[in-house]
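User: I am new to this structure and would like to learn how to read its charged side chains. Please guide me through them.

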There are 2 protein chains.
Amino acid sequence: MSYFYPMYEIFQQYLDDKISLSSEEASSIRESSIIKKIRKRQYLLQEGDVWRYDAFIAKGCLRTYSIDEAGSEHIIGFGIENWWIGDRESLLSGQPSRFNIDAVEDSEVVLFAHTNFEKLCVAIPAFGQLINQILQRSFIASQNRIQAALSYTAEEKYRAFLEKYSAFANRLPQSMIASYLGITPETLSRIRKNASRKP
Amino acid sequence: MSYFYPMYEIFQQYLDDKISLSSEEASSIRESSIIKKIRKRQYLLQEGDVWRYDAFIAKGCLRTYSIDEAGSEHIIGFGIENWWIGDRESLLSGQPSRFNIDAVEDSEVVLFAHTNFEKLCVAIPAFGQLINQILQRSFIASQNRIQAALSYTAEEKYRAFLEKYSAFANRLPQSMIASYLGITPETLSRIRKNASRKP
DNA sequence: GAAATAACTTGACATACATCAAGACGAAAT
DNA sequence: ATTTCGTCTTGATGTATGTCAAGTTATTTC
């Protein structure tokens, strides 16, 4: 009631933009939330742990990635302000996660224990619907990414990435973008060089 | 009450396996359903049309694919008995679909108008939860497919496909499997030849 | 059941991209 | 300012997979 959560306000704003809530509903959501600061390179989730949360990024940038047998990282996805992040597979199955999530820059997330979160979704239908819509959109986005991964050339993948995620482009090291696109940093470097010649 | 829908029984069985419904609930679902037969090569959805349904495959095999500027097909996904199929992007956005869905073999689907379907999901929470769970699983599956598409070799992709979708392997022409994996039919042919030598 | 059509195989060749290795640049640390 | 470290760039070379083309084997179709 009297604590000042600057980061929560960002989440509140996000909610207000999408749905309208009674003040009781709004505060029951707030009461379930936990604000968590994550320094650059710090983990939000480490491979082997079970993910039992729902997490909204209020500030910063995080990545989800796996590490293969050879020890190299494969970036599965990114998130910035106003995105949700987490491992649905671990959440749904209760199994240890195959993924790592860490901060690309100093970040703050609004975290919910998933059990509470589910109760909120049921108790507040508009909220549940919003969350469901996000899941739908995520699915659609991943379908599109599959298509890109399978049928685009490296250059087309990068162009599509810039088009869709220009907000990310400046905040991520190129090597991470390359990994996300499934190409090597060298190839991405050459693509960028060419692109600057023939724009 | 007195109509005999052999195909509906398959859907009923599917439901009974997953959730328990009162007989009123069961019949309200049944009353919204439409059985549709689709001959091999016939469309369930054609590019440019809006998809406004939820469709359960009771029998047969269907595929979702797009056609690129060059005119070649890219297979996005398959479905067989007990799978759901459709275009969520078009459903959610109300925009014309970029995809085609057609039958790989003579098939029958249980079709719901999406507006009715949504009402059922709200009115019958267990049903809504089931549907939501399917969406979650689809999302997880597509995340895994992204990873495969980005980091696996052609041979690894095919092995993973066999492992996960052995039920499909015999029912699909190789050229479709190749397209699904994002490789050429020639490459798949060579992979299979090698695999038979060193199993 | 013959003819027509489609699906698969195989080979020769081309190429996009990966890999390996060295160097250049910039940001942070001392 | 100099060193250090990580990130990006550039070149030389290798390889998996694509492309083109021809031949073979299955499946439809009439």
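**Charged side chains**

Analyst: A:Lys157 lies in helix α6 of chain A, which spans residues 154-164. Helices (H or I, at least four residues) and strands (E, at least two) are DSSP runs, numbered from the N terminus. This is a predicted model, in which local features need pLDDT of at least 70 and side-chain atom pairs count only at pLDDT 80 or more, while totals for chains, interfaces and linings use all residues. Residues are numbered from 1 along each chain as its sequence is written, chains are lettered from A and ligands numbered from 1 in the order in which they are written, and side-chain values use heavy atoms, with hydrogens and water left out.

User: Which residues does A:Lys157 touch?

Analyst: Contact means heavy atoms within 4.5 Å. Leaving aside residues up to four places away in sequence, A:Lys157 touches A:Ala148, A:Ala149, A:Tyr152, A:Leu181 and B:Leu150.

User: How many salt bridges does the structure hold?

Analyst: Over all chains there are 18. One of them joins the side chains of A:Arg171 and A:Glu81, at 2.8 Å from N to O. This pair links distant parts of the chain, 90 residues apart: A:Arg171 is in the loop between α7 (166-169) and α8 (174-181), and A:Glu81 is in the loop between β4 (73-80) and β5 (84-85) of chain A. A:Arg171 counts as partly exposed because its relative accessibility is 25%.

User: Where in chain B do B:Arg63 and B:Glu73 lie?

Analyst: B:Arg63 and B:Glu73 form a salt bridge, their closest N and O atoms being 2.5 Å apart. B:Arg63 is in strand β3 (residues 53-67) and B:Glu73 in strand β4 (residues 73-80), 10 residues apart. B:Arg63 is buried, with a relative accessible area of 2%, whereas B:Glu73 is partly exposed at 37%.

User: Which residues of chain A are linked in a network of salt bridges?

Analyst: The network links A:Arg41, A:Arg63, A:Glu73 and A:Asp102.

Note on methods: A salt bridge is a side-chain nitrogen of Lys or Arg within 4 Å of a carboxyl oxygen of Asp or Glu. Buried means under 20% relative accessible area, exposed over 50%, partly exposed in between (1.4 Å probe, protein chains only).
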